[in-house]
Amino acid sequence: MIDVQRASFPPPFPEELWWNEEQLNEHVTRFPEGAICAEIEGRLIGSMTGLIVALKDNGHSHDWESITGGGYIRNHNPDGDTLYVVDICVIPEYRQSGIGKWLMQTMYETVVQHGLLRLLGGGRMPGYGARKLEVSPEQYLENVLMGIWKDPVISFLLRCGRMPVGIARNYLEDEQSGNHAVLMEWRNPFK
Ligand SMILES: CC(C)(COP(=O)(O)OP(=O)(O)OC[C@H]1O[C@@H](n2cnc3c(N)ncnc32)[C@H](O)[C@@H]1OP(=O)(O)O)[C@@H](O)C(=O)NCCC(=O)NCCS
């Protein structure tokens, strides 16, 4: 899993943010259904991690560190209403073949099975860094929504049916995204 992170989040993404063994142990013990991975011929090629939170405790204004307990998910609350995405990644050689979407749809099933209201998470906007002198994050998002620009993560999340609910500034140390993220949700259609 740490190798999957290393391949998926190369520099300038800070390597301190790759999973460590203690975090992985917390994921599989606290909320195993929220710790899923994709495997091909015995090789891990992608993963997705989530926890349950009560959105009223966090609101739409939060950062990655606070809402995910620094990636340790010790704040996982089985009585919450929102499945929050800590991370999703697929190694570069297997991208654009439907694996990321399959991981996301698996997590949507978990939202439905648990009767939660939504899935929510902060999507990186790695294409923004190169445009940050040109446009605000809001204008960048607007252009991606209109299909004028493509963003490697936000365009993917839109294709998965996630809808933007706001921009979170200083969400995560992430130079490529100007440290911003787009909070994007998927509402449980059965609630
Ligand atoms: C984001 C990521 C998980 C996508 O995984 P993936 O397996 O390549 O995505 P999929 O093949 O399932 O793509 C699903 C849809 O998104 C679209 N998509 C995927 N990558 C895209 C890109 N770079 N640009 C535009 N659209 C993209 C696909 O075309 C597909 O569209 P379709 O449903 O119309 O066929 C992967 O690129 C990744 O690991 N990125 C680095 C890690 C990262 O930043 N994770 C996000 C943390 S918030």
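# A walk from the S5–S6 loop through the strands

Asn 179 is found in the loop between strand S5 (163–168) and strand S6 (181–187), where helices and strands are DSSP runs numbered from the N terminus, a helix being H or I with at least four residues and a strand being E with at least two. Although Asn 179 is not a glycine, its phi is positive, at about 65°. Its relative accessible area is 27%, which makes Asn 179 partly exposed; on this scale buried means under 20% relative accessible area, exposed means over 50%, and partly exposed lies in between, as calculated with a 1.4 Å probe and protein chains only.

The structure is a predicted model, in which local features need pLDDT of at least 70 and side-chain atom pairs count only at pLDDT 80 or more, whereas totals for chains, interfaces and linings use all residues. Residues are numbered from 1 along each chain as its sequence is written, and side-chain values use heavy atoms, with hydrogens and water left out.

The protein as a whole has seven helices and six strands, which follow one another along the sequence in the pattern α-α-β-β-α-α-β-α-β-α-α-β-β. Its radius of gyration is 16 Å, which agrees with the value near 16 Å that a compact globule of 191 residues would have; the radius is taken over C-alpha atoms, and the globule rule is 2.2 Å times the number of residues to the power 0.38. The C-alpha trace spans about 45 × 40 × 30 Å along the principal axes. Of the 191 residues, 47% are buried, and the protein exposes about 9,700 Å², of which carbon and sulfur atoms supply 50%, the areas coming from the Shrake-Rupley method with a 1.4 Å probe and, for residues, only the protein chains shown counting as cover. If one considers contacts (heavy atoms within 4.5 Å) between residues at least 6 apart in sequence, 67% of them join residues at least 24 apart.

Which strands pair with S3 (residues 82–90)? Two strands count as paired if DSSP finds at least two bridges between them. Strand S2 (residues 43–53) is joined to S3 by eight bridges in an antiparallel arrangement, and within that pairing Gly 46 stands opposite Val 90 in S3. S3 is also joined to S4, here by three bridges and with the two strands running parallel; Thr 82 stands opposite Arg 118 in S4, and the bridge partner of Leu 83 in S4 is Leu 119. S3 itself is mostly covered, with eight of its nine residues buried. Strand S4 (residues 118–124) has six of its seven residues buried, so it is largely enclosed by the rest of the structure.

Leu 117 is found in the loop between helix H5 (99–113) and S4, and its relative accessibility of 29% makes it partly exposed. Leu 117 and Thr 82 are 35 residues apart in sequence, yet their C-alpha atoms are 6.0 Å apart in space. When residues up to four places away in sequence are not counted, Leu 117 touches Asp 81, Trp 186, Arg 187, Asn 188 and Lys 191.

Ser 8, which is found in helix H1, is buried, with a relative accessible area of 9%. Beyond its neighbours within four places in sequence, Ser 8 is in contact with Cys 89, Val 90, Ile 91, Pro 92 and Arg 95. Leu 24, in helix H2, is buried at a relative accessible area of 17%; leaving aside neighbours within four places in sequence, Leu 24 is in contact with Met 1, Ile 2 and Trp 19. Leu 24 and Lys 191 are separated by 167 residues in sequence and by 31 Å in space, C-alpha to C-alpha.

Another positive phi, near 45°, belongs to Ile 73, a residue other than glycine. Ile 73 is found in the loop between helix H4 (64–67) and S3, and it is buried, with a relative accessible area of 0%.

Finally, the protein has 17 positive and 25 negative side chains, and the centres of the two sets lie 6 Å apart. Lys and Arg count as positive and Asp and Glu as negative, while His and the chain ends are not counted; the place of a charge is taken as NZ of Lys, CZ of Arg, CG of Asp or CD of Glu.
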